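Hi everyone, thanks for coming. Today I'd like to walk you through one protein chain, a piece at a time. Please have the picture open while I talk.

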Amino acid sequence: MVLKSDISSGPWKKSQELLRSVLDFVLPLSCVACGRLVQNRVSFTNPYLCFECSTRLESAPAPEYIYNDVLSHIRDDRLSLTALCSRYSVTRHRDDPVLHMMHALKYRGLHRLGFYLGTEVSAILSLHAMEGYSCIVPVPIHAARQRERGYNQAQSIAEGISARMDVPVCTTLIRRTHYTASQTRKRNNERMSNVASAFQVSGAQTAVHNARILIVDDVLTTGATLNAIASTLLEAGARQVDAATVAKAE
């Protein structure tokens, strides 16, 4: 029989301390949105946010709504994506927890956050029957930006999706041919021009032929980047290209 005193002072206590040390290494001690200390992280829906911030997360609209919204930015005859979905909605409000998560993922080195968010995206994909893909393609970043950041946040997200959906991540299938400026403050036509001819198939085209491919990125705004990659893949012989992101910008 294990006594209560044995749990508090014996091997059980050492196990708890080891688990706490692992969590402190894997997860941040404070909420990535507000900075408050995160308590009981294991029981939280989102271990990277405090309870108060996690309750302010807004789900993204249904895939049909997102698709129609992208059509307001890209002409129907130029849209190469078949379906799109996102996990959360994100605004530009400074206190938006999703905005803070995206910032922490891209600029604070929390690539593990990307993996976790990928598992969240996989649940939405399954909910809307967006399954049966041949491979997952993370939006590539330029080599200079990856050296600066140390990782590609889209790849971290893709790996989280892959772990839940058992679909391989293909990081060498699409290559960014030149460095592109940030899309954040650009108008629709500028976004399209900015990514025009920015991608090409770099892997064996036999891997693309007749494949159903899922492109993954962190935030969907107008869909210009995702659509540029989809067009490249379709021209190389893909049968269908869908896209999934952590967040949909309002």
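**Cores, charges and one serine**

Let's begin inside. In this predicted model, the largest nonpolar core is made up of 39 residues, and Met-101, Leu-113, Leu-125 and Ile-161 have the most contacts within it. Which elements give two or more residues to this core? They are strand S1 (84-90), helix H5 (97-107), helix H6 (111-127), H8, strand S5 (212-220) and strand S6 (240-249). H6 provides the largest share, six residues. There is also a second, separate core of 30 residues, with Ala-60, Ile-74, Ile-215 and Ala-230 among them. As a general background point, nonpolar side chains in soluble globular proteins tend to be buried together.

Let's zoom in on Met-101. Setting aside residues up to four places away in sequence, Met-101 touches Val-32, Asn-46, Leu-49, Leu-57, Tyr-88, Leu-113 and Leu-117.

Now for the charges. Side chains of opposite charge can pair when their charged atoms come close.

Next, Arg-212 forms a salt bridge with Asp-242, at 3.8 Å between the closest N and O atoms. Here strand S5 holds Arg-212 and strand S6 holds Asp-242, so parts 30 residues apart in sequence are tied together. Arg-212 is buried at 15% relative accessible area, and Asp-242 is buried at 2%.

Let's finish with a serine. Ser-162 lies in helix H8, residues 153-165. Ser-162 counts as buried because its relative accessibility is 18%, and the cut-off for buried is under 20%. Its side chain reaches the backbone oxygen of Val-167 at 2.6 Å. Beyond neighbours within four places in sequence, Ser-162 contacts Ile-136, Val-167, Pro-168 and Val-169.

One caution before I stop. The chain's mean pLDDT is 85, with 79% of residues reaching 70 or more, but over residues 1-9 the pLDDT is below 50. Where pLDDT is low, the predicted coordinates should not be read in detail.

Technical notes:
Residues are numbered from 1 along each chain as its sequence is written. This is a predicted model: local features need pLDDT of at least 70, side-chain atom pairs count only at pLDDT 80 or more; totals for chains, interfaces and linings use all residues. Side-chain values use heavy atoms; hydrogens and water are left out. Helices (H or I, at least four residues) and strands (E, at least two) are DSSP runs, numbered from the N terminus. Buried means under 20% relative accessible area, exposed over 50%, partly exposed in between (1.4 Å probe, protein chains only). Contact means heavy atoms within 4.5 Å. A polar contact is a pair of N or O atoms within 3.5 Å; within protein, one must be able to donate a hydrogen and the other to accept it, and residues adjacent in sequence count only if both atoms are side-chain atoms. pLDDT is the predictor's confidence in each residue, from 0 to 100. A nonpolar core is a set of buried Ala, Val, Leu, Ile, Met, Phe, Trp, Tyr and Cys residues joined through side-chain atoms within 4.5 Å. A salt bridge is a side-chain nitrogen of Lys or Arg within 4 Å of a carboxyl oxygen of Asp or Glu.
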